[in-house]
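Here's a quick tour of one protein model. Keep the sequence and the 3D view open while you read.

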Amino acid sequence: MGDMSLGAAVACLGAAVWLLGGRNSGARRAELLLAGGGSVGAGPPDWWQMVRELRRLRGRLRAEWWAPVIGLALAVLGSSVLPVVAGAAGVPVLRRVRLAREARRARERRGDAVIALCGALAGEVRAGRQPGEALLRAARDSGGLGEAQAAVLAAARFGGDVTGALASAARQPGAEGLSGLAACWRVAVDQGAGLAAGLDRLEGALRAERDQHADLRAQLSGARSTVVMLAGLPVLGLLLGAAMGAEPLRVLLHTGAGIGCLAVGGVLEGLGMWWALRIVRGAEAT
């Protein structure tokens, strides 16, 4: 078991060395020879270059790939391969969390862009432009149409079904407000109603809904922080045990009772976090 952990540590060190200098090492040697005129390897090391390389490496690594790195470090400290297995198993879970967070942020940005589109379109209509021309200008400025912008702009430029194109664009996550814009457009075109007045009311409603969402999430931030704090308590317990000389890693990774407690504790920890986050998300959705 100790040889396996040592081999894993050596492999990780070799991978880090390759990432830091493998593919661009030839270019750096040529740069040193041409710029400084000296021999490669002479002089003190360029610490700023090393810091930049480490930052670039950190930028390459997604958040989920820190799980196997931490697992490898614990494997070396605890002389066991179990943390490596747990870190590898945590990669897809953390990737799913990261993708969900990115999707939520993209949805929020798209919603803000739709609000900006409604405001810009109302301003263009009040300035005396025709609805089609006003939509072309407002869409280019705000970008609230997302991936369906080309279809909507084509319909507005060539006299197509703008209402249908807006309704199709409203299917994007976060762009649901475009369905209201499609309704305003239909009423304005079919019945000659004022488009600017309807857009003002739509923009106000979307802003109120966004502010209500933000206020609710601010109220739920305390519950989320509590969940994160409770999730970190076992790590704090391990650190306290190590500081007191109890060797918690040896007990958890090399004894039958410790492995059983680790498995049961991990399952309970996961279930507790899932249940707490489910409650928070349910309150936010409501």
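## Buried or exposed

A residue counts as buried under 20% relative accessible area, exposed over 50%, and partly exposed in between (1.4 Å probe, protein chains only). With 54% relative accessible area, Cys 261 is exposed. Cys 184, at 17%, is buried.

The model is predicted, so local features need pLDDT of at least 70 and side-chain atom pairs pLDDT 80 or more, while totals for chains, interfaces and linings use all residues. Residues are numbered from 1 along each chain as its sequence is written, and side-chain values use heavy atoms, leaving out hydrogens and water.

## One face of H8

Helices here are DSSP runs (H or I, at least four residues), numbered from the N terminus. In helix H8 (residues 162–169), the buried residues include Val 162, Ala 165 and Leu 166. Looking down the axis of H8, the buried residues fall within an arc of 165 degrees (taken from the directions from the axis to the C-beta atoms), so they line one face of the helix.

## A tryptophan pair

Rings of Phe, Tyr and Trp (its six-membered ring) pair if their centres lie within 6.5 Å; planes under 30 degrees apart are stacked, over 60 edge-to-face, and the rest tilted. That rule gives one aromatic pair. The ring centres of Trp 274 and Trp 275 are 6.0 Å apart with planes at 50 degrees, so the pair is tilted. Trp 275 is partly exposed, at 46% relative accessible area.

Technical notes: Helix = DSSP H or I, 4+ residues; strand = E, 2+ residues; numbered from the N terminus.
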